[in-house]
Amino acid sequence: GPCTECSCSSGKECDKDTSNTKKKEKEDRLFIPKIFFGTRTHKQISQITRELKRTAFSTVPMTILSSRDYTCIHPVVSSGGSNRNEMCVELLEGKHGKSCVYYHGVHKLSEHHALQAAHRMYQAWDIEDLVSLGKKLRACAYFAARELMVGADIVFCPYNYLLDPQIRESMEINLKGQVVILDEAHNIEDSAREAVSFSVTESQLIAAREELDFMVNNKIRQKDHEPLRAVCCSL
């Protein structure tokens, strides 16, 4: 056979052929895309998963991406109103010397679904089912749903998880080469507008202007704060 121990031409050709073969084998491997199923509301996801249970595909691995408003089971954070996200992050970072015991139990939920699949007992589920199981196992349903996305064939989520690039990045959603289904797609325009819109009150603008005045007058990053103050004043 050709020499492969030195840098002679025959060796180089052999190495090149081997690398080309490996590359071709890698490219020929079957890529199975995930199905991302987007809906307008969480209630519609419940309806779809209920219908999925009635089909021959009820045992297909799946997950539901949802906000902490629907999945957080921490007794303090879940009652935190609009501050749930901030309170959750603070707990995970251990800012006040406390951590989230439910977050550290995420693997319990993932392993539970893996065991069900291994024993062919896996069935399509709803957010309420995951939250109920999370309370029983003392495991975070929010992060468990994200972990289950890795092995899921179908991922259910609201529109904005697919439309908003910031949410896609934070949830580690990669849509390249995947199948995307949008239920009742005539609602996409409204959802897209909502994703890039926000409301502010006059009192909020006045408070922001006063804070920016303080920053500018005390020469704190003036180049950044002066344009922002101009925007507040113009509004």
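Q: How many disulfides does the count come to in this predicted model?
A: The model is predicted. A pair of cysteine sulfur atoms must lie within 2.5 Å to be a disulfide. By this rule, the number of disulfides is zero.

Q: How far from Cys-88 is the nearest cysteine sulfur?
A: Cys-88 takes part in no disulfide. A disulfide needs two sulfur atoms within 2.5 Å. The nearest cysteine sulfur to Cys-88 belongs to Cys-72, at a distance of 6.3 Å.

Q: Does Cys-88 count as buried or exposed?
A: A residue is buried if its relative accessible area is under 20%. Cys-88 has a relative accessibility of 12%, so the residue counts as buried.

Q: Which cysteine has the sulfur nearest to that of Cys-140?
A: Cys-140 is in no disulfide either. The cut-off for a disulfide is 2.5 Å between the sulfur atoms. For Cys-140 the nearest cysteine sulfur is 6.0 Å away, and it is that of Cys-100.

Q: What is the relative accessible area of Cys-140?
A: The limit for a buried residue is a value under 20%. Cys-140 is buried, and its relative accessible area is 10%.

Q: How many residues are in the largest nonpolar core?
A: In soluble globular proteins, nonpolar side chains tend to be buried together. In the largest nonpolar core here, Met-62, Leu-65 and Phe-156 have the most contacts inside the core. The number of residues in this core is 44.

Q: With which side chain does the side chain of Ser-110 make a polar contact?
A: Ser-110 lies in helix α5, which spans residues 106-118. With a relative accessible area of 15%, Ser-110 is buried. Beyond four places in sequence, Ser-110 touches Leu-148 and Glu-147. The polar contact, at 3.0 Å, is with the side chain of Glu-147.

Q: How many aromatic pairs does a search of the whole structure find?
A: Rings pair if their centres lie within 6.5 Å. Over the whole structure, the number of aromatic pairs found is three.

Q: Is the pair of Phe-37 and Phe-156 stacked, edge-to-face or tilted?
A: A pair of aromatic rings is described by the distance of the centres and the angle of the planes. Planes under 30 degrees apart count as stacked, over 60 as edge-to-face and the rest as tilted. The rings of Phe-37 and Phe-156 are 5.6 Å apart from centre to centre with 45° between the planes, which means that the pair is tilted.

Q: How many residues apart are Phe-37 and Phe-156?
A: Phe-37 belongs to strand β1 (residues 35-39) and Phe-156 to strand β3 (residues 154-158). The pair links distant parts of the chain, and its two members are apart by 119 residues.

Q: What is the angle between the ring planes of Tyr-142 and Phe-143?
A: The centres of these two rings are 4.9 Å apart. The pair is edge-to-face, because planes over 60 degrees apart count as such. The angle for Tyr-142 and Phe-143 is 85°.

Q: Which residue forms one aromatic cluster with Tyr-142 and Phe-143?
A: Tyr-142 is buried at 9% relative accessible area, and Phe-143 is buried at 15%. The cluster contains these two residues and Tyr-103.

Q: How many salt bridges does a search of the whole structure find?
A: One of them joins the side chains of Glu-51 and Arg-54, at 3.3 Å from N to O. Glu-51 is partly exposed at 42%, whereas Arg-54 is exposed at 67%. In the whole structure, the number of salt bridges found is six.

Q: Which residue meets Asp-213 in a salt bridge?
A: The N to O distance in this salt bridge is 3.0 Å. Asp-213 is in helix α11 (residues 202-217), and its partner, 16 residues apart, is in helix α12 (residues 222-234). That partner is Arg-229.

Conventions
Residues are numbered from 1 along each chain as its sequence is written. This is a predicted model: local features need pLDDT of at least 70, side-chain atom pairs count only at pLDDT 80 or more; totals for chains, interfaces and linings use all residues. Side-chain values use heavy atoms; hydrogens and water are left out. Buried means under 20% relative accessible area, exposed over 50%, partly exposed in between (1.4 Å probe, protein chains only). A nonpolar core is a set of buried Ala, Val, Leu, Ile, Met, Phe, Trp, Tyr and Cys residues joined through side-chain atoms within 4.5 Å. Helices (H or I, at least four residues) and strands (E, at least two) are DSSP runs, numbered from the N terminus. A polar contact is a pair of N or O atoms within 3.5 Å; within protein, one must be able to donate a hydrogen and the other to accept it, and residues adjacent in sequence count only if both atoms are side-chain atoms. Contact means heavy atoms within 4.5 Å. Rings of Phe, Tyr and Trp (its six-membered ring) pair if their centres lie within 6.5 Å; planes under 30 degrees apart count as stacked, over 60 as edge-to-face and the rest as tilted. A salt bridge is a side-chain nitrogen of Lys or Arg within 4 Å of a carboxyl oxygen of Asp or Glu.
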